[in-house]
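Colleague: Could you walk me through this one? I'd like to go question by question.

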Number of protein chains: 2
Amino acid sequence: MPNRQPTVRDVAQAAGVSAATVSRALSFPDKVSEATRIKVLRAVEETGYVVNQLARNLRRRTTSAIVVLVPNLGNQFFSHIIAGIESAASRAGYTVLVSDTRPPGGGEMLMDFVRNNRADGLISLDGNLPGSILSSASGGRGRPTLVFACEWHDGLGVPSVRFDNEGGAELAVEHLVSLGHSRIGHLLGPPGNVLTDARFAGYRRAMARHGLPVREDWILQGDFTLDSGVQAGREWLELAERPRAMFLANDEMAFGFISELHGKGVEVPRDLSVVAFDDIDIAERYIPALTTVRQPRHEIGEAAFATFLKAFNGATTELIRTLPATLIVRDSARPA
Amino acid sequence: MPNRQPTVRDVAQAAGVSAATVSRALSFPDKVSEATRIKVLRAVEETGYVVNQLARNLRRRTTSAIVVLVPNLGNQFFSHIIAGIESAASRAGYTVLVSDTRPPGGGEMLMDFVRNNRADGLISLDGNLPGSILSSASGGRGRPTLVFACEWHDGLGVPSVRFDNEGGAELAVEHLVSLGHSRIGHLLGPPGNVLTDARFAGYRRAMARHGLPVREDWILQGDFTLDSGVQAGREWLELAERPRAMFLANDEMAFGFISELHGKGVEVPRDLSVVAFDDIDIAERYIPALTTVRQPRHEIGEAAFATFLKAFNGATTELIRTLPATLIVRDSARPA
DNA sequence: ATGAAAGCGCTAACAC
DNA sequence: GTGTTAGCGCTTTCAT
């Protein structure tokens, strides 16, 4: 048994044909005669040959691999989106690699990964990519392909697939209003985030539609993390005058927020109605079960990959594709 | 501006040296004269050259990239382990790619990825790898490097870094006993999983030590998912005689379990004490806050990468490295 | 210390 | 339909 991996040449020799023919038989079976194909396939079996993608990619300048950039692998919300991407990708014969954008230098390394033809491009679930990535990937001649999913970045011509965040936020507030609430506060996501802005805009829009005041002191700052929800809970408890309902920009913060209140004897929904955003898996099993806005996560993943593939192949794509959100009514919000 | 990425040759020309020298200046700065190095570096700047890893790896037969296999990206538990791997890896100049083992054909594709020199090897957080991967990666001459973290696979000579699952389980049960409990049940993880077995063994050991009976009907079957926790909750509610305490094999199931009971008017810890395993982020903010066994997740990630690097470089490694677990006492278990 | 030349394994262009 | 040739971009002997 040879020490090294067999190469096309070994197969060629075993099959009694040329290396080029082996390559053709494997990549374009139609371009080769029935008989040769069989000979080659048999030789492949015999030798235990596996194509060296490295060499293939170096030649073809394409890799059938794609990198997904996630702002926070810890947030379970993303896993379903990744699953969606994966299922579309595997149908197309693509390998999906996931990477967190937060580790120091992580984004940079990944970008090099793509720039080096080790992956065909990126799907970013993080709208705040380092400028270096944005500039070198924003499409165009010979540039790596980039697509945003969930989040996005205004101004650049980068295609994005997103949820209707503003509409979802309106749904949340409308629900609260329909329950008889009028004193409604909001816990924001991180500053400078497109989702934060869109959800806040939806909140304001719905409030305005009903002539409800948006009180400065009822707008709390968060950053989508559990801890920031806890912190917001503390601030809420100190409020001179408290709202009777809160629309929280995501589920994770809601858990921190509700639990902090619970620790101080304030119960949701008894003392405060809460609607959140995302509908991650635990939302249904939190106590109280969370009323929240659901986004079709698997679908968006699939759509993102489809968009990526189109863009990579040079087809024109819709620049913005928006998927609808729906409200899931459970226990955390009740009549005023 | 040229249409294509600059190559070593472009840099060589700009610097007035040969391609070989450029390569040397970049890879082994010491092997080149001060003056040339400066010239080359300047030329690199000018041309905007970035090394093409693909070509480099094809030549060097090493990639500085590693793939991490995760059984379930949705379980937040893994994200901290990945973070640990990432921090150790980035210090070593490695790129970390994560992949879910569940998508159809996913494992296979990933293995090809490695077999093709597109990554140096794998760290698997999944003990139940397809046989094809195990056999082609189980180390040895020219074989891709594989290391297990958290989970493992007995029999093969694959190095693994793990938590003291059995000890952690004992801690959990001891705690319950110290609270005065004697009627203690257990919710298992998935069948055929090493963690399931180890945690169950720890449970039995602690029970035996105190002369407590292990009742068949108090051993429920789960699979580490939220849903299986819900299902177990239903079964628990139907029990003719109920235990007064439960040790659940992970947090995720605990959420499903506790919430299902809550829906039926059975409250934790009022009516039932619960201790779980993992201490994922939400555990502290669940209602009730979960008493659970914590594992040093970041550390295990770092240790796993260190082990990987050693193994990849041909050094001998401890075959089994075990990290201690600690009990985090919160609200979900109280005196009998 | 540097350059010339060979070659990693594969595929695309061209000839037959 | 198949073989020959060249070359993807890099690194690494081997000379000098």
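Colleague: Which residue with a positive phi follows H5(B), and what is its value?

Modeller: Keep in mind that this is a predicted model. H5(B) itself runs over residues 77-91 and has buried residues that include B:Phe77, B:Ile81, B:Ile85 and B:Ala89. After H5(B) comes B:Gly93, and its positive phi is near 75°.

Colleague: Why does B:Ile258 count as buried?

Modeller: B:Ile258 sits in helix H11 (residues 251-263) of chain B. Leaving out residues up to four places away in sequence, B:Ile258 touches B:Val268, B:Val274, B:Tyr286, B:Pro288 and B:Leu290, along with A:Ile287 from the other chain. The cut-off for buried is under 20% relative accessible area. B:Ile258 is buried because its relative accessible area is 1%.

Colleague: How far apart in space are B:Ile258 and B:Gly229?

Modeller: In sequence, B:Ile258 and B:Gly229 are 29 residues apart. Going C-alpha to C-alpha, the distance between B:Ile258 and B:Gly229 is 8.1 Å.

Colleague: In the six-stranded open sheet of chain B, which are the edge strands?

Modeller: The order is E7-E6-E8-E9-E10-E12, and the pairing is mixed. An edge strand here pairs on one side only. That leaves strand E7 (219-220) and strand E12 (326-328) of chain B.

Colleague: And what is the bridge partner of B:Ile184 in E8(B)?

Modeller: Strands E6 (residues 184-187) and E8 (residues 245-248) of chain B are parallel and share four bridges. For B:Ile184, the partner in E8(B) is B:Ala245.

Colleague: What relation do chains A and B have?

Modeller: Turn chain B by 180°, shift it 0.1 Å along the axis, and it lies on chain A with an RMSD of 0.2 Å. Both copies use the same surface, as 100% of the contact residues of chain B recur in chain A. So the relation is that of a two-fold axis.

Colleague: On to the DNA. Which element gives the largest share of the surface near DNA strand C?

Modeller: There are 27 residues around DNA strand C, the closest being A:Val8, A:Tyr49, A:Arg56, B:Thr36 and B:Arg61. Helix H1 (8-15), H2 and H4 of chain A, plus H2 and H4 of chain B, supply at least two residues each. The largest share is five residues, from H2(A).

Colleague: Which residue has a polar side-chain atom 3.4 Å from a base nitrogen of DNA strand C?

Modeller: Some polar contacts go to phosphate instead: a phosphate oxygen of DNA strand C is 3.0 Å from a polar backbone atom of B:Ser33. Another lies 3.2 Å from a backbone N or O atom of A:Asn52. The side chain at the base nitrogen belongs to A:Arg24.

Colleague: How many charged residues does the surface near DNA strand D have?

Modeller: 27 residues surround DNA strand D, with A:Thr21, A:Arg61, B:Val8, B:Tyr49 and B:Arg56 the closest. By class, ten are nonpolar and eight polar, and the charged ones number nine.

Definitions and conventions:
Residues numbered from 1 in each chain as written. Chains lettered and ligands numbered in written order. Predicted model: local features only at pLDDT ≥ 70, side-chain atom pairs only at ≥ 80, totals over all residues. Heavy atoms only, no water. Near = heavy atom within 4 Å. Nonpolar A, V, L, I, M, F, W, Y, C, P; charged D, E, K, R; others polar. Pairing = 2+ DSSP bridges. Buried < 20%, exposed > 50% of the residue type's maximum accessible area, 1.4 Å probe, protein only. Contact = heavy atoms within 4.5 Å. Least-squares fit on C-alpha atoms with pLDDT ≥ 70 in both. Polar contact = N/O pair within 3.5 Å; in protein donor to acceptor, adjacent residues only side chain to side chain.
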